[in-house]
Amino acid sequence: MNRREFIKDTARAGIALSMLNIPVKSFAIDKNSVRIGIIGVGLRGQLHLSEMLKRNDVEVVAMADPDQRMMGMARQLVKQFNRKPLAEYGDGPYDYKNLLKRTDIDAVFIATPWEWHIPQGIDSMNAGKIVGVEVCGAIKLQDCWDIVNAHEKTKIPLMILENVCYRRDIMAVHNMVKKGMFGEIIHLQGGYQHNLRGVLFNDGITPYNSGVEFGEKGFSEAKWRTQHYINRNGENYPTHGLGPVGTMIDINRGNRLTKLSSIATKSRGLHRYIVNHPKGGANHPNAKIKFKQGDIVTTQIQTANGETIVLSLDTCSPRPYNLGFRVQGTNGIWQDHHEGEMDRGMIYFEDRSLNDQWENPKKYMDEHDHPLWRRFEKDAQNSGHGGMDFFVDNAFIECIKRGIPFPLDVYDLATWYSITPLSEKSIAMGGQVQSIPDFTRGKWKIRHPVFGVSDEF
């Protein structure tokens with residue numbers, strides 16, 4: 001799609017959205033500089049802060065976080081970029097509400113513990129701030145309806161900040177899917193297959209692989225994330241796997257998720273990690289904890305258009321990082337096998353490859369490299385997560401400046417977040433199939449795909 005066609009389609013989409021009483025006008029800030037607040041400046045929030053501090057079209061105004069150590073690290077980051085000090089809101093977990101009262105902030109990033117995403121997102125919309133929300137899964141299904149209802153009531157846009165949608169190899173495959181090279185898509189896989197044991201536990205000083213403490217004795221994510229593994233058993237991080245494949249088959253924009261079923265293995269990995277760690281052992285108090293979260297959770301999903309999706313959560317086992325993507329159509333298949341390198345994985349096209357023989361994907365990745373990556377490769381250098389953070393944050397800012405809908409919006413957030421509580425219910429009921437709500441209330445049938453349609457954002 002060329003630029004002219006993209007602008008025409010965007011205009012048509014805007015007309016359709018306005019007819020459906022979905023916010024477009026309130027999106028149009030039309031500023032040369034977007035004024036930003038950051039809610040949550042932990043290690044993830046600091047990556048967003050860094051991306052914003054690099055830009056000359058963004059003014060970072062304020063930050064909020066009750067963790068004074070994290071606030072100090074963020075303060076040093078601001079100094080490194082020679083920016084003026086930010087207004088700080090660190091007086092307890094609810095001081096972010098005072099940040100939201102400011103009249104000199106257009107939009108906020110929310111990069112806080114999972115249980116805060118929905119209430120802080122709703123508070124931000126009610127305060128008239130455009131919202132960028134980090135990824136996770138909902139605590140309960142009603143959360144997903146609450147965030148949609150708040151958006152539709154306030155007319156304030158929200159973007160889910162799923163950076164893996166922008167991974168270079170995935171965007172190249174997305175490009176090939178949209179060109180029809182795989183034929184009609186019939187099956188997809190993805191997941192979060194990442195050994196997080198050294199993240200869920202540490203020594204309270206160093207964030208990774210340093211000990212077996214968590215909660216008040218832990219540091220960074222170990223302070224809050226580990227408790228979810230004690231209390232819950234489900235697909236607790238669905239968006240990394242679901243988001244990238246969902247955009248390929250136009251979920252919420254001509255297609256939708258309809259049903260899921262989840263099962264979980266027994267829980268062994270976290271206990272074993274504590275027992276075998278030099279700072280742990282069988283007599284360590286944390287070795288007595290019973291973890292509810294199964295080591296591997298498998299979720300199968302159906303779609304309205306007849307595709308199937310399989311998600312795999314595997315974060316408690318000793319394993320190399322690999323998100324396990326697979327895209328399969330009537331004419332071909334791609335599988336990734338590492339960390340997103342263009343020359344890793346396998347690909348096969350019935351009309352191009354030798355009969356039943358895998359090919360290295362690099363020549364296809366290079367030829368069909370997404371226009372976004374070709375245009376912004378240099379800008380993405382030295383950005384977090386191999387450049388993905390540049391793209392997701394750039395889309396957030398550019399859409400605000402241009403007054404156009406986000407490529408990943410509140411309906412995507414609600415749909416992807418809903419997988420977590422639905423998977424918990426399915427597992428608790430022995431894998432029983434659960435219906436996935438239509439958070440668009442039928443509008444998926446007439447909404448147009450907007451993710452990755454050009455080299456703009």
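**Strand pairing and cysteines in a predicted model**

Modeller: β7 and strand β11 (residues 326–329) pair in the antiparallel sense, over four bridges. This is a predicted model, in which local features need pLDDT of at least 70, side-chain atom pairs count only at pLDDT 80 or more, and totals for chains, interfaces and linings use all residues. Residues are numbered from 1 along each chain as its sequence is written, and side-chain values use heavy atoms, with hydrogens and water left out.

Colleague: What makes β7 and β11 a pair?

Modeller: Two strands pair if DSSP finds at least two bridges between them; β7 and β11 have four, so they qualify. Strands themselves are DSSP runs of E, at least two residues long, and helices are runs of H or I, at least four, numbered from the N terminus. One of the bridges joins I185 to G329 in β11.

Colleague: In which sense does β7 pair with strand β10 (residues 308–314), parallel or antiparallel?

Modeller: Parallel, over seven bridges. G190 stands opposite L311 of β10.

Colleague: Why is β7 (residues 185–193) called mostly covered?

Modeller: Buried means under 20% relative accessible area, exposed over 50%, and partly exposed in between, with a 1.4 Å probe and protein chains only. Seven of the nine residues of β7 are buried, so the strand is called mostly covered.

Colleague: Where do β13 and β14 stand in the sheet?

Modeller: The open sheet has eight strands in the order β13-β12-β11-β7-β10-β9-β8-β14, with mixed pairing. β13 (346–349) and β14 (434–435) stand at the edges; each has a single partner strand, so one side of each has no neighbour in the sheet.

Colleague: How do you know that β11 pairs with strand β12 (residues 332–335)?

Modeller: There are three bridges between β11 and β12, in the antiparallel sense, and at least two are needed, so they pair. V327 stands opposite W334 in β12.

Colleague: What does helix α15 (residues 410–428) touch?

Modeller: Helix α15 packs on the sheet and touches β8 (257–264), β9 (296–303), β10 and β14. Contact means heavy atoms within 4.5 Å. The direction of α15 makes about 50° with that of β8; axes are lines fitted to C-alpha atoms, for helices over the stretch in contact, and angles run from 0 to 180 degrees between N-to-C directions.

Colleague: Why is C136 called buried?

Modeller: Its relative accessibility is 0%, so C136 counts as buried. C144, at 0% relative accessibility, also counts as buried.
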